[in-house]
Each structure stands twice: as structure tokens, then as C-alpha cells.
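Here's a quick tour of charge pairing.

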Amino acid sequence: MQVSTMQPELAHPDIDQLAGDAHSAVAQTGWPSSKHEAWKFTPLDKSGFDSLAPASRPADTLSTAQTQSLTFKDGYLVSAGTMDKAISLRQLGRDDVTLLNWLKLLPKDHHLSYLSLGGLGEAVLLEVEASENEIPPLTLHFTGEQASASAHPVVLVQMADGARLTLIEEHVGSNALSAPVLMADVGASASLHVAKYQDQARSTSHLGLSVLKLGEQAKVNGFTLSKGSKLARMESHVEFMADDAELVLSAIYLGASGQHHDITTVVQHEVPNCQSNQVIRGVLNDDAHGVFQGKVRVAPDAQKTDGQQMSRALLLSRDAVADAKPELEIFADDVVCAHGATVGELDETLLFYLKSRGIPKAQAQAMLIKAFLGDALEQIDDDAIASFMNQIIDDWAEQNNDALVMGNS
Amino acid sequence: MVATVETINQVEQATGSYKYGFVTDVEMEKAPKGLNEDIIRFISAKKDEPEWMLDWRLKAYRYWLKMPTPDWAKLNIPPIDYNDIYYYAAPKSAETPKSLDEVDPELLRTYEKLGIPLNEQKMLAGVAVDAVFDSVSVATTFREELAKAGVIFCPISEAIKTHPELVKKYIGSVVPVSDNYFSALNSAVFTDGSFVYIPKGVRCPMELSTYFRINEKNTGQFERTLIIAEDESYVSYLEGCTAPQRDENQLHAAVVELVAHHDAEIKYSTVQNWYPGDEEGKGGIYNFVTKRGACRGDRSKISWTQVETGSAITWKYPSCVLRGKDSVGEFYSVAVTNGAQQADTGTKMIHIGEGSSSTIISKGISAGKSQNTYRGLVEIHKGAENARNFTQCDSLLVGDKCGAHTVPYISSRNPTGKVEHEATTSRISEDQLFYCLQRGLDEEDAVSLIVNGFCKEVMKELPMEFAVEAQKLIGISLEGSVG
């Protein structure tokens, strides 16, 4: 993105300052190349983002919807459904000090932060109160039509102590670049489910950032399915702010011809007695490239931390490429932390077993792919979401399997 | 700049000329401090090296000048003034002794204090020792017996003269001069090291061993080791390091290159217990080492085993380039850090050949205020059909002020390749400790016992000569970390 094409109309002087700093940082260093450690496997310097400008606000007036949902088009809110009474929605203007305070929580010296700050589109704040009733899932629908522009929506979620919410993020549309930001501050004993589904047009790039802060005894379960786009990086930063919080982070990427999927996580245990568990699975067909980078940091006083992480990639094709960099950074001694990573192809003996039972090769392969992804899917503890994701995986496995069997014969 | 000018002046005074002008009978025992082309010419002249060697050094130096200091490791390296280091220092008796009797008795006594009795080893252990005291080899034993087998084992400075064709062919072929900052520096200024050549079909009749020592104040040590194993040969090489206490930090930037041809096997074992500095890390050795083995032949095998307990800062990644079909790479490592030590160590396994396989077992133990990082790369290239890697990295934390970090990189470009990595981090189990204590062991012995158990997978890979010493070392290194 060129400096000159970034949003000019920022009103709050400090937000102006942040955006200005982002401009200069990008202008100075450019987009990160593979020499940049955090972007080693997903360099952006040749992605052509320089020629993009942030999308302009669509002409659509804000409409209402029947379902509990928000729709963003080209990065701007165009439709808002009726919300449960425990949820309040607020659009934050660029002069809003609340927005400023949230933006200050973005990861420092980070290109995705620069991207959001520089291109800042719409920002909305969802405040969720504790409620005795079950709140139906809230869907965030992201779409876009301006094919040579970038979209920068920001969704902020403030969850009061004891609040509960299920968020479904759907990223479709055809903006050249989507760089959505989701930030959630999860209060004490609050519980948040986030299920993210990325199926943008194949010509697009998706650079998504989620920033989650967990209060005491908070529970967060995040799931990501990355299937669309030419280049997709879905990055999550989670920070434990108080004791006894629990995190489950799972992700699946499905890569086919020409695609690059990157799942990056940074989990920071800053306080004692918290648990994190990450399960990542990726399947790569054709010449797809899959990347997983996951860092678990345990601060000096974060004793009794339990940090687990397992990432596995399955290569279906001779041209597929998988890179992984799981990382443990541990400064406390009374901890149990482990990570594992594997890369390989479908197990021939398993395939043979199924075939010997009379199951056709294509079906057997599809079964094995699904079984492989099962570990990550099982982490979703909402049946409706799980079956929705399951269906997508089924379709993908079937579709790619045909190619696979033909390719093999 | 002032230092450089001064250096040039000193060299000029000492030698009377600059360009290629050094004569071998220069009486200087030491080159002046500082690094420039003249110092390199001085070293080369001192070593009576052929022209091609000097050119090679100068080429490396010119690369080095353009390279940035690497900063990617999880290490806090104080700035090093490369012009405040002596790059060449010879012991007082620079003449190569014909036998042990000719060796300075003072020197021999120092070795004895360090537990390296040359004489006894000669008789008892059956180990040939090429001892490097500072920069010049002063004693080499068992040459004759090795010569009978056709094995060449000599200082590399000698090999440059006696076997130039071999050195020329292999030096820099595994670690190119421009490989990294410290290897470029080493290539420019290396003073000595070992050269080993095992001819075709020969199983080296004894374990070869070199003890490196850093003694002279302000002396950088830049060893260069080159081991070549021809088809169907075998060699086991032992490297051990000790250094007396020092106040100023000392830089060590060694390069080790191994080449294994068809069906050859090289086993390289290291015990490194250089001075780690005091509680605040003051005075310890900086150990920046590039070690790499090339499995060039089919079914060749290179195995690295290391026990790293010393040095204030360790930056070391013994690697294998598995080019041969069905070649095998192994890395077994124990890294113990205590006090204010910092270690960033691991390995690289580059799978290029079909059916190549590698095993990585790394055990890191952090105590005190130390930081211990495993950093590794496993790369499966496109042609590496059915390549296989298994990696296990376990870290143990002793005390709540230290850090243990694991940074593996995995890259796979062939679906038939299989990579498995697992890592765990935990502390010494209370149950185990309690069990040992109630059996009457004191806490320090108990920790030493448990840690040795934790490292057992690696320790069993060590040659017998090293195993006992290494076990003791681990105990000694952890002294003061508990209670």
C-alpha cells in the first residue's frame, strides 16, 4: 500500500499519530520479505500490495437483517441484524477515544497492525453483557466487490464478566486484499467461541488478525478454517491476563492449486495457572503451500502453565510444500509444555487396509483425509458449527480427491 | 581506525614490508592485535602457506568485511571489537618438537592439570592426541601407527603443505567461506586445527582425539578441522575442550568440515567445558562454531554427539547435508547452562538424497539465570524420496530464573518424506527428587543423577573415553543451581 493512498481523514490526533507511524514504518521497511523472521515462509514483498488503495465506502445505506448478524462490504458495515438484548453495537468514529485505546492493544512492530492502522475502515464495538439466557450465535459476514481495493474492517468485542458469546466469522468476497481485525477482551469467567471461515475468491489475499485477551477463568475456543484466497494468513495473538483461563485454538487449512495458506499463532502466558491447547491440521494438494508458525511464550512468573500444541500437515501431491515453525519460549520452571509437528503423506498401510475391505480408493482417501482433520474439528464444541465446517471439508475432500485419484492413475 | 593504523605500523616495524613480504623467520611470537589484510598475510607467512591458501583467506576476509553480524539467535552478545584481538599467538617454543621429551615441561604440566596426561593416554587409552596449545600444534602422537593404516592425521597447517591437493579440494567445500559471519572470519584467520584423511576401505584403528585449549590472554582461537572419509571407511573423532579462568571474554570461532563418501561413516563427539564466566557471566568464552558434515556418498553416515556445558555464549549448529542415497545423519546433544550462560544450539538436517534419514535427540538443561535454546532445521528437498526425520527435543528447567526455548523449522517439499518433531519442557519431578533424597543423597547429587538420567539417550552415544568425564561434567556444571 502506498503511503499516499492510505486513509487521509483520521480525526483523533493520536489515531492520526498511530496511522502516521504505520505509514512511515511501511514506507521505510516496505512489505516484509522472507528475510523477515515472522514472514519467512509468507513473504509479502512480491504480493503487489503497493498498488492497492483502501476501498471506498459503498453507497449502500445501513440495512437491517432478520438474523443476529453484521454484514461488512468492502470493509464497511452495511447491514446489522437485531441483536439480543445482552449485546449492544456501537460504530466507532475515527475521533473516538475508545477506538484509540483498542488500537493501542494491537501487536507492536507488526505488519498486520500497520495494515489495519494505515487502512483503517469501519470499526464497530460489540459490548456483551452476562445473560441468563442462551444467546444465539452472532454471525459476522465479510464480503467485498471492489476488486482492486483493500478492505480493513475492525470488530471489537468487549465481554463483561460472565458473558457468553458465539461468533461466526465468514470471509467471502473479492476485494484484492482483506485485512480484517478482530479484537476481544474476554472478562472474568466469560466464555467466547469464535469460528472463522475463510473462503474468499481465489484471486484475493487475506491477512487476518485476531487479538484476544483473557481474564480470570475466561474460556476461549477459537477455530479457523482457511480454504479460499490465493494468499491467506490467519494470525492469532492470545494473551492470558489473569489466572485460571483456558484456551483452545484449532485450525484447518485446505490448500489446492496456487494457494498459500498460513496459520500463525502467538500464545502468551503472562500469568500462572492457565491452559492452552492448539491443534492444527493442514491438507495440501497440487502445488499448494502450507505454513504453520506457532509460538507459546511462558513469562517468568507464569508457573503451572500447561501449554500444548500439535500441528500436522498432509501432502497429497508431489508439488505441495509444507513449512512449520512451532516455537516454545519458556521462562518459568513449573510448567508442562509440549509441541509436536509432523509432515507426511497419506499412510499407505491405512489406505491398503481400507481398500482390502472393498472401499474404493477415492472413498478410502477421502475417509483418511477427514480422519486426519478430525482432531482439529473435534475441538469445536458447538454442534451446528462443527457440522457446517464438516460439510465444507467433505466437499473439499471429494473435489480434491477426484483430482488426486486421476493424478495417481 | 587508530588501532588499525597502529597495527599496520607494528607489522611494518616487525617485518619491514607489507605485501607478501613476511618471511618465515620473523621472531614475533604474536601478531599485533587487530584484523586487516596484513595480519592475514602475516598468519599465512608464519605458516609458510602456499599462495592459493593466502588468496583463499583474503577472499574470505573480504566477504567478512561486507557481512553483518548475525543477530537472529536468542543470544545477548556484547559487541565484539575484532580489532582488539590477537589473531596469531604461538607458544614460546614454536619449533615443532620431534617427541614428547622436547615439549616444554611447563606445557605438559598444564595438560596434566586439566586431566589430559599425554603420556598415559599414549599407552593406556590408545588414543592419538593432536594437542593444540593456543594456535600451534605442539605434540602429535601415534602418527606412525596411523600411517601404517594409511590414515593421515596431522595439523591442518601441515596438511596444507604435505597434501595440498586434498586440502585444496575439500576445504570450504562443506562450509563455503561466505557461509556465515563467523565461518568467514575463521576462513580468513584460522591458525590451525586437525586434518584427517581415511583412505578407502580403512577402519581407523583408534579413536582420534584433539584437545583444544585457550590459554594466551586475548587470543582468539580459530580452529579449522577437516575430516575426509573415503568410500567404506570409518572414523571416530573426539574433541574436548577446557580453558583456564580468564577475566576478559575470549572469542572462539571454529569451523569443522566433514566429508563422507560412499558407505563411509564419521562419528564426531565433542565435550565442551570451556570457562563459562562467573555468576554474572563475566569472563567466559564466546563459542561461535560452524560444524557441518556432507554425506556425499550413498549410504554414508555422519553422527554428531555433543555435550555442551561450558562457554558464556554458545552459537553452534552441527549439521548434515544428506546428499547421498540412503545417507544417514544423526545429532545427539546435551546442552547444560547455568549461571548467566547463554546457549543457542541445535542442528540442521538437509535431506537431498533419496531415502536419507536423520535423527535428532536434543536435551537442554537450564539452571541459574541461564538461557538455553534449541534451534533446528529439517528440510526435505524435492528429490528426497522417502526421506525420514525424527526429532525429539526435551528441556529441563532447574530453578525459576532460567529460560528454555525451542525453535524448530520444518520444511518439506516431498510428500513421501516423513518428518516428526516433538518437544517437551518441564522441571525436575518432585517425586524423583524426593525419592533420591530419602535414599540419603544430598540435593546436588540427586539433581545430577536425575539430569544424567534425563540425558541418557545422548550419553550412551558417547565413546567410552568421554562418557565418564561427561557425566561428571554435568554434575559439576549444575553445582550451585539448587538449594
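What follows is a short report on salt bridges.

## Ground rules

This is a predicted model, where local features need pLDDT of at least 70, side-chain atom pairs count only at pLDDT 80 or more, and totals for chains, interfaces and linings use all residues. Side-chain values use heavy atoms, without hydrogens and water, residues are numbered from 1 along each chain as its sequence is written, and chains are lettered from A in the order in which they are written.

## The overall count

Over all chains, there are 44 salt bridges, each a side-chain nitrogen of Lys or Arg within 4 Å of a carboxyl oxygen of Asp or Glu.

## Pairs within a chain

In chain A, E145 meets K73 at 3.6 Å, N to O. A:E145 sits in the loop between β7 (138-143) and β8 (149-151) and A:K73 in strand β3 (residues 69-73), so the bridge ties together parts 72 residues apart in sequence. (Strands are DSSP E runs of at least two residues, numbered from the N terminus.) A:E145 is exposed at 57% relative accessibility, while A:K73 is buried at 14%; buried means under 20%, exposed over 50%, and partly exposed in between, with a 1.4 Å probe and protein chains only.

Over in chain B, the closest N and O atoms of B:R292 and B:D179 are 2.7 Å apart.

## A pair across chains

A:D319 and B:K382 form a salt bridge at 3.0 Å, N to O. A:D319 lies in a loop of chain A and B:K382 in a loop of chain B, so this pair joins two chains. A:D319 is partly exposed at 41%, and B:K382 is partly exposed at 44%.

Notes. Helix = DSSP H or I, 4+ residues; strand = E, 2+ residues; numbered from the N terminus.
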